[in-house]
Amino acid sequence: MGIDQVKNGARRAVFFDRDGVLNEAVIVEGRPYPPASAAEVRIMPGAAPVLSQLKAAGFLLICVTNQPDVARGTQSREAVAAINASLREQLPLDDILVCHHDDADGCDCRKPAPGLLIQGAAHYGIDLPASFMVGDRWRDTLAGHRAGCRTVLIDHGYSEPWIGPPPHQTTTTLADAAAWILKKTSMKPADEILRKLKVKMFADGADRAGMLEMYRNPWIKGFTTNPTLMRKAGIANYEKFAHEILEAIPDRPISFEVFSDEFAEMKRQALIIAPWGGNVYVKIPVTNTRGESAVPLIRELAGQGVKLNVTALLTLDQVRDVSAVLAGGAASYVSVFAGRIADTGRDPIPLMAAAVELVNQYGNQELIWASPRELLNIFQADAVGCHIITATNDVLKKLSLVGKDLHEYSLDTVSMFWKDAAEAGFSL
């Protein structure tokens, strides 16, 4: 099996400490030490088949090891290299990364610093949040936390104080550590839950890099833009930006909005925008800034076969009027700003459920739940039968959290607080 593609082409990995994890450590007064030579290497029982199982699941396998005895002058680089060569002969490792420094050297590669993991991620294209660090000491798990990995401690009961946040999982054997990793990665709760949704997710934005990032996400089925988002993204040439985006995203619906306040000019702009591509929808606001209804213009454009996205609706009367004039025309969207309704203290769900019934009378229209405020809105939109929900990248990037174990998420939160406090250097 090949390496899993988990995010923008990145790989996932399991990082391992060496002594006490892959090979037996030499225990002196309750603390672990490395073997003195390759002849003294004893691979942990069952390590080879365990690592083969992880590799078959698509993980890169990288050993990251501190060897400060080199800096202390009690072991040579050649001896460390020979020990590592022995491990590579007996285990299906992809790489072994070594720090030869001691604490006094102040390097960024000696664990608990995350330098070795970051180095491996940069070299192999590894997605660190999708990866794991397995160690037998606090230095290992703290390095994993700092790199953004999930961490597993193989607890051998060493006589040393614990420093840093707790690991995500504690085991007593490498086999148990691998079993936990495989369970975590095989569950894929987000994919399983999202696959059951009927509502389509559209990304709302005007930042090219952000739009292309969402385009690589298989859950994103379309895109919407508006002048406010374009202004925030620093877009100066509307038409140039639109054509560049359409060239990069030719196969999913994209809505571009007119930007006049006069209906005659809205019509002219709509007729310019509509031929830009077969996947283009023209966004028309439900009124102008004077509160004058755009329904006559919507009727005229729909009659000419323009695919429309009628936007900024907040009432059922607006849905009823717009949906009626779109009937019989080209495929169109009716975009109700449920998030703005919620901003007024009103529950948008009953209104959106009624809007679904209105739109479903016609076969050419889909209802959009627009301006969501949180990921939960996706599930609310699906529950009431909305066809589409639009959301910004900030909301959509949370999709990986769907179904996440709450105990694990609590630990992640505590680890984040601890890391931020440590990096800020707070003291009392």
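Contact here means heavy atoms within 4.5 Å, while helices (H or I, at least four residues) and strands (E, at least two) are DSSP runs numbered from the N terminus. I noted that the model is predicted, with local features needing pLDDT of at least 70, side-chain atom pairs counting only at pLDDT 80 or more, and totals for chains, interfaces and linings using all residues. Residues are numbered from 1 along each chain as its sequence is written, and side-chain values use heavy atoms, without hydrogens and water.

I then listed the buried residues of α16 (residues 376-384), which are Asn377, Ile378, Ala381 and Val384. They lie on the same side of α16 because they cover an arc of only 135° around the axis, the arc being that of the directions from the helix axis to the C-beta atoms. After α16 comes glycine 385, whose phi is positive, near 90°.

**Cysteines.** I searched the whole structure for disulfides, meaning pairs of cysteine sulfur atoms within 2.5 Å, and the search found 0. Cysteine 63 is in none, and the nearest cysteine sulfur, that of cysteine 99, is 12 Å away; cysteine 63 also counts as buried, at 0% relative accessibility. For cysteine 107 the closest cysteine sulfur, in cysteine 109, is 3.5 Å away, which is too far for a bond, and cysteine 107 is partly exposed, with a relative accessible area of 23%.

**Backbone.** I reminded myself that most residues other than glycine have a negative phi, and most peptide bonds are trans. Against that background I looked up the peptide bond between lysine 111 and proline 112, which is cis with omega about 25°, and placed proline 112 in the loop between β5 (95-99) and α4 (115-124).

Alanine 312 has a phi of about 70°, lies in strand β13 and counts as partly exposed at 33% relative accessibility. Serine 371 has a phi of about 55°, is found in the loop between β15 and α16 and is buried, with a relative accessible area of 14%.

Terms used: Buried means under 20% relative accessible area, exposed over 50%, partly exposed in between (1.4 Å probe, protein chains only).
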